[in-house]
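My notebook is open, and I am writing down what I looked up, one entry at a time. Follow along in the viewer if you like.

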Amino acid sequence: MPSLPPLHASGSFDPDAELTRLASGPRQGRLVHREVVPRREAERAEWPEWVAPPVYAAFASAGIGTLWSHQREAADLAHGGSNVVLATGTASGKSLGYLLPVLSAVVDGAAAPNGRGATALYLSPTKALAGDQAARLQRLAIPGVRHAVYDGDTPTDERRWIRDHAQLVLSNPDLVHHSLLPMHERWASFLRGLRYVVVDECHIYRGVFGSHIAAVLRRLRRVAARYGSYPTFVLASATVDSPAEHASALVGMPCVPVERDGSPREAMTVGLWEPETAGDGSRRSATTEAAELLATLVGDGVQTVAFARSRAGVEALSTSARRLLAGVRPGSEAAVAAYRGGYLPEERRDLERGLRTGELLGVAATNALELGVDISGLDAVLLAGWPSRRASFWQQAGRAGRSGSRSLAVLVAADDPLDTYLVHHPEAIFGQPVETTVMDPWNPNVIGPHLGAAAAELPLREEDLADWGPQARELVNILVARGVLRRRPAGWYWAREDRAADHVYLRGAGETVAIVERRSGRVIGTVDDSSAHAQVHTGAVHLHQGETYVVTALDLEAATADVVRGDPGWSTHAQSESSFEILDEERSITWGAARICFGPVRVTTQVTSFLRRLPSGEIIGRHPLDLPARSLRTKAVWWTLPVEELALAGVGEADAPGALHAAEHAAIGMLPLVATSDRWDVGGVSTLVHPDTGLPTVMVYDGHPGGAGFAERAFEAFQAWTSATREAIRSCPCQRGCPGCVQSPKCGNGNEPLDKAGAVALLSHLLSEGPPEGQRASGQVGG
């Protein structure tokens, strides 16, 4: 491969000069804002006396002679038996906060007759993160510590050894749910000694996924108690608001927060970047812009990670960057790769190795790499679009500068209302705390199946129900009526012959659909069942590892999508129809002539056709699809306004559907400003006259069964949310509406009709009314 400039030596990279160079020449004017996050000084602490000597010796040999203050505080709390959540910044060394008490307990327990006087379970949301922890433990080589990774890639013959001999098991919630808990008798020796449970990257567990993990951890506590163990929980999190509240909801017990970060960090330069805008108001895509910036940085020898918001975005970004590099220096494109979920294990590990060794100078990634995989020495981070949450923004930006050098982070605004708003309102990023993590541990759609799984593990008793929320007894009665559980004097028992755990999908997506290359029969990837109708319908164009495939058949019963390799020269976009039924009104606010409501709804959606679109944007065909309708019972926030109020706002009846539709799109796009959602977590519907209200109605709903807490947060922060939505539309320079304000990439109606001016008038009138005193919706921008 033709040589690229060498990586910068530690401390030699000048992020300000690099950002100035990026923003010069033909890119002049695209850098909207430059912010320097100041250097943070270290707060050191001495090693605790209780640390086992072999543990201290191993870390001292690795060059760790002192601790940061937050590491010591968390370690002391956990050692003393307190459940603790450590919520400090990226690269702050959170792992020492839990490794010290865990490894010391394991070493001290090695003298037991079975060598396992104390055991520990480490849970991470990704295989890569568990593998990275295993590699670190391997390097430490602490005498007497037997650790092992137990996940879906673990060979069958190794699993028995791990169950019988490993003291520290590195796994994930999926394996706990599907393997450890249903077969807990095989884990009896491990569970009897269970002293600690570590839940890493716990901020990831939000929404419905978080509700599932909360249920799994309650089941784990219950089964551990059966073997006489009451483990201490240690949770590690990115910086989030109210970490103790979130951690306590996850584990079902009070958790002590450790939030003051004692680790040092060099200054970070952050650029807010807006791609050029065409005469019609449309903006160059963030993916294309980030690919160009990535190629430039890699060409300068700047090791860079570029984050995209979707798998397809990652593939497109890396492909474009490689093509640009090849045009300038043939062969250098091998220094850029893609990294995302859905890859095979060996593909992921090769990419991780290439980043560590410096063989890769550029990588396009989804948030699979956002999590704390220990890759040091990165100079820069590009974010192709706002990652929905400030917590994720700082987590991703923090991936650079891990070796103690200054770093660069550039947010490239996507054609999206929130992105447009943020690059022009930097105070909404730098002047605000991170968001509260939204998670409802008592979602009945989640709790019901987990109660069945818990009963299959151990009979449910009356006293157990207190841990499962206020609806637990009602849910158990429903399960009995359906023949899922059977009541006996000793409790409730699983009444079916199949496995209870197989009825629960932790990641809120149901089953996955395998993407199969038709000629070879090779599975090249997967897609969530809930996304299959829109992403891998017959005729869809699908990207994987830079290769383009066309879906020849989607078999819903077999859960497979057959594909053939080839680029037809167009992209595809699914079209759908949606309707909603209001089931109840749990909360409401009178807002002048309007009403703001929250409650359960039923949303019915059917993918009806797809468009073929050329790279120029020209639509060259619309093709019908015969797919079944999907029904979703969830939670929503909605507002209504009498028709006469539309006239007072200056919106005529003929323009009202477009104004309502535009307001709905922009509201969905702006929701992450007040809740830890992204626009793919929620959906929306608007109508001039809804049968349940008889009025013009705009609704935004959680895109998960039973709700995820996002719509409720929107209800609580309605004024801040709606004010920012209006400002995002009003400040957009386009004339009639664009993806930066009111157009949506997921609109099932092809973004028709939309009325930008009508939406501004409508929202301005709504905000001018306001609620009566004492009924004002709570919430500041930023949650």
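**Entry: A141.** I went to the loop between helix 5 (127-140) and strand 6 (147-149), and A141 is found there. Helices here are DSSP runs of H or I with at least four residues, strands are runs of E with at least two, and both are numbered from the N terminus. A141 has a positive phi of about 50 degrees although it is not a glycine. Is A141 buried or exposed? I noted A141 as exposed because its relative accessibility is 55%. (Buried means under 20% relative accessible area, exposed over 50%, and partly exposed in between, with a 1.4 Å probe and protein chains only.)

**Entry: how to read the model.** This is a predicted model, where local features need pLDDT of at least 70, side-chain atom pairs count only at pLDDT 80 or more, and totals for chains, interfaces and linings use all residues. Residues are numbered from 1 along each chain as its sequence is written, and side-chain values use heavy atoms, with hydrogens and water left out.

**Entry: confidence.** I checked pLDDT, the predictor's confidence in each residue, from 0 to 100. The chain has an average pLDDT of 88, and 92% of the residues score at least 70. For residues 776-783 the pLDDT is below 50, and this stretch has 35 contacts in the model beyond near neighbours in sequence. (Contact means heavy atoms within 4.5 Å.)

**Entry: A559.** Here I found another positive phi in a residue other than glycine: for A559 the value is near 55 degrees. A559 sits in the loop between strand 22 (547-555) and strand 23 (560-565). A559 has a relative accessible area of 18%, so I wrote it down as buried.

**Entry: a cis peptide bond.** Which peptide bond did I note as cis? The bond from E752 to P753 is cis, and its omega is near -10 degrees. I located P753 in the loop between helix 23 (718-731) and helix 24.

**Entry: helix 21 and helix 24.** Next I followed helix 24 (residues 756-769) to helix 21 (residues 656-670): their axes come within 7 Å and cross at roughly 75 degrees. (Axes are lines fitted to C-alpha atoms, for helices over the stretch in contact, and angles run from 0 to 180 degrees between N-to-C directions.) Helix 21 is therefore roughly perpendicular to helix 24. (Under 35 degrees counts as roughly parallel, over 145 as roughly antiparallel, 65 to 115 as roughly perpendicular, and the rest as oblique.) Helix 21 brings A659, L660, A662 and A663 to the contact, and helix 24 brings G758, A759, L762 and L763. I sorted these residues by class and got seven nonpolar, one polar and no charged. (Ala, Val, Leu, Ile, Met, Phe, Trp, Tyr, Cys and Pro count as nonpolar, Asp, Glu, Lys and Arg as charged, and the others, Gly among them, as polar.)

**Entry: helix 15 and helix 21.** Helix 21 also meets helix 15 (residues 417-424), with axes that come within 7 Å and cross at roughly 60 degrees. Helix 15 is therefore oblique to helix 21. P417, L418 and Y421 of helix 15 make the contact with A666, G669 and M670 of helix 21. By class, I have five nonpolar, one polar and no charged residues here.

**Entry: D416.** I looked at D416, in the loop between strand 16 (407-412) and helix 15. D416 counts as buried because its relative accessibility is 5%.

**Entry: helix 17 and helix 18.** Helix 17 (residues 444-457) and helix 18 (residues 472-481) pack at about 60 degrees, with axes 10 Å apart. Helix 17 is therefore oblique to helix 18. The contact involves P444, I447, G448, L451 and G452 of helix 17, and A472, L475, V476 and L479 of helix 18. The class count is seven nonpolar, two polar and no charged residues. I also looked at A481 in helix 18, and A481 is exposed because its relative accessible area is 69%.

**Entry: T88.** My last stop was T88, in the loop between strand 4 (84-87) and helix 4 (94-109). T88 has a relative accessible area of 1%, so it is buried.
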